[in-house]
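This briefing covers helix geometry, packing and selected loop positions in one structure. The sequence and the model come first, and the notes follow by topic.

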Amino acid sequence: MKRVLTAVVLIPLVLLALFLAPNWLFAVLVGAVAVLAAVEYLSLAAGYGYEPFRFLTYLLIVTFYGIILWATGSPSPNGEYVLITMVFFFTLSPFVFLCAGMSREDMRSVLPGAAVSYVALPYLGFSLACLVIMRIMLAGWLLVLITFFVIWVGDTAAYYVGRAFGKIKFAPRISPKKTWEGAIASAVASIIVGILLVEFATPISRGLTTIHLLHAPLYFEDTPMWITALVALAINIAGQIGDLLESLIKRGANVKDSGSLLPGHGGILDRIDALLFAAPIALVLFGALREYFLQVP
């Protein structure tokens, strides 16, 4: 019951932020989630016996979202400048962590601490920023909405079908409760919800405009159903892999949940684990298939 109640409260808040928040506020909210997830991730890393650079990791994630705010702001900066800034950020960050390690007495802790801290930048910072980038694309709210629902519905199907009918273990060493029955149900449910959202994109847009969640309706041309199905399947598979990777990290740290912030779900990281791999995959697919996907006449 706690799991359902938390979802009932959380999902509307997320959707309100998706539809109503200006781009800068949406980026700030996503950045805040990335920092909260980093707090839990670094606690898991500490469970391995490593001493991460906590404050510096948070500072670099905040800096990265400052770059995202600049890159997605108005007027838009030159794309080459944005790319060069991103490359410098991710290239120089390891040196920043190692320089900070010069102040440590235990020099053997510097390299592993810098390594686990650096992983947080692409794993949490960049992955979640893909949602911000998707949202500023044409009809970006719908692309993010599809990504959310493909993951949420897939997770729910895997959970309940796995509990009711699951017999064949999916990854027993990493996550003993996951089953192939749940994984297949997750994929099928994701494809169905993806197709429904795309097929009814225009009436959904009209309805959201009627209740003042959008400024004006958009009219979408038909998208081939097989493309929608493949995109939803790819996002779902990425989400299930993301889920397993977080379980792998927790298993190594010998903990069940990444935190206790969300009753029934565990921590922030437990709630967004699937999105961490799904969001970059969704951004790549929606960007690559934009000629075929959700064209606005």
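Helix 3 has 19 residues and spans 27 Å from its first C-alpha to its last, close to the 27 Å expected at 1.5 Å a residue. The expected span is 1.5 Å times one less than the number of residues, and helices (H or I, at least four residues) are DSSP runs numbered from the N terminus. The model is predicted: local features need pLDDT of at least 70, side-chain atom pairs count only at pLDDT 80 or more, and totals for chains, interfaces and linings use all residues. Residues are numbered from 1 along each chain as its sequence is written, and side-chain values use heavy atoms, with hydrogens and water left out.

- The buried residues of helix 3 are Leu56, Thr57, Tyr58, Leu60, Ile61, Phe64, Tyr65, Ile67, Ile68, Ala71 and Thr72; buried means under 20% relative accessible area, exposed over 50% and partly exposed in between, with a 1.4 Å probe and protein chains only.
- Their cover includes helix 2 (23-46), helix 4 and helix 5, where contact means heavy atoms within 4.5 Å.

**Helix 3 against helix 4**

- Helix 3 (residues 54-72) packs against helix 4 (residues 79-101) at an angle of about 170°, and their axes are 11 Å apart.
- Helix 3 is therefore roughly antiparallel to helix 4, a label for angles over 145 degrees.
- Axes are lines fitted to C-alpha atoms, for helices over the stretch in contact, and angles run from 0 to 180 degrees between N-to-C directions.
- On the helix 3 side the contact is made by Leu56, Thr57, Leu60, Thr63, Phe64, Ile67, Ile68, Trp70 and Ala71.
- On the helix 4 side the partners are Tyr81, Val82, Thr85, Met86, Phe89, Phe90, Ser93, Val96, Phe97 and Ala100.
- The residues of this contact of helix 3 with helix 4 comprise 15 nonpolar, four polar and no charged; Ala, Val, Leu, Ile, Met, Phe, Trp, Tyr, Cys and Pro count as nonpolar, Asp, Glu, Lys and Arg as charged, and the others, Gly among them, as polar.

**Nonpolar core**

- The largest nonpolar core has 80 residues, of which Phe19, Tyr41, Tyr65, Leu124 and Phe286 touch the most other members.
- Helix 5 (residues 110-135) gives the most to this core, with 12 residues.
- Such a core is a set of buried Ala, Val, Leu, Ile, Met, Phe, Trp, Tyr and Cys residues joined through side-chain atoms within 4.5 Å.
- Not counting residues up to four places away in sequence, Leu124 touches Ala34, Ala37, Ala38, Tyr41, Tyr65, Val119, Leu269 and Leu276.
- Ala34 lies in helix 2 and is buried, with a relative accessible area of 0%.
- Ala34 and Leu269 are 235 residues apart along the chain, and their C-alpha atoms are separated by 8.9 Å.

- Helix 9 (residues 225-253) has 29 residues and reaches 42 Å from its first C-alpha to its last, close to the 42 Å expected at 1.5 Å a residue.
- Just after helix 9, Asn254 takes a positive phi of about 60°, although Asn254 is not a glycine.
- Asn254 lies in the loop between helix 9 and helix 10 (268-288) and counts as exposed because its relative accessibility is 70%.
- Lys256 is in the loop between helix 9 and helix 10 and is exposed, with a relative accessible area of 64%.
- The C-alpha atoms of Lys256 and Gly266, 10 residues apart along the chain, are separated by 8.5 Å.

**Other loop positions**

- Ala139, in the loop between helix 5 and helix 6 (140-165), has a positive phi near 55° in a residue other than glycine.
- Ala139 counts as buried because its relative accessibility is 7%.
- Leu138 is placed in the loop between helix 5 and helix 6 and counts as exposed at 64% relative accessibility.
- Leu138 and Arg290 are 152 residues apart in sequence and 9.5 Å apart in space, C-alpha to C-alpha.
- Phe220 is found in the loop between helix 8 (201-210) and helix 9 and is buried, with a relative accessible area of 10%.
- Between the C-alpha atoms of Phe220 and Asp270, 50 residues apart along the chain, the separation is 34 Å.

Definitions and conventions
Helices (H or I, at least four residues) and strands (E, at least two) are DSSP runs, numbered from the N terminus. Angles under 35 degrees count as roughly parallel, over 145 as roughly antiparallel, 65 to 115 as roughly perpendicular and the rest as oblique.
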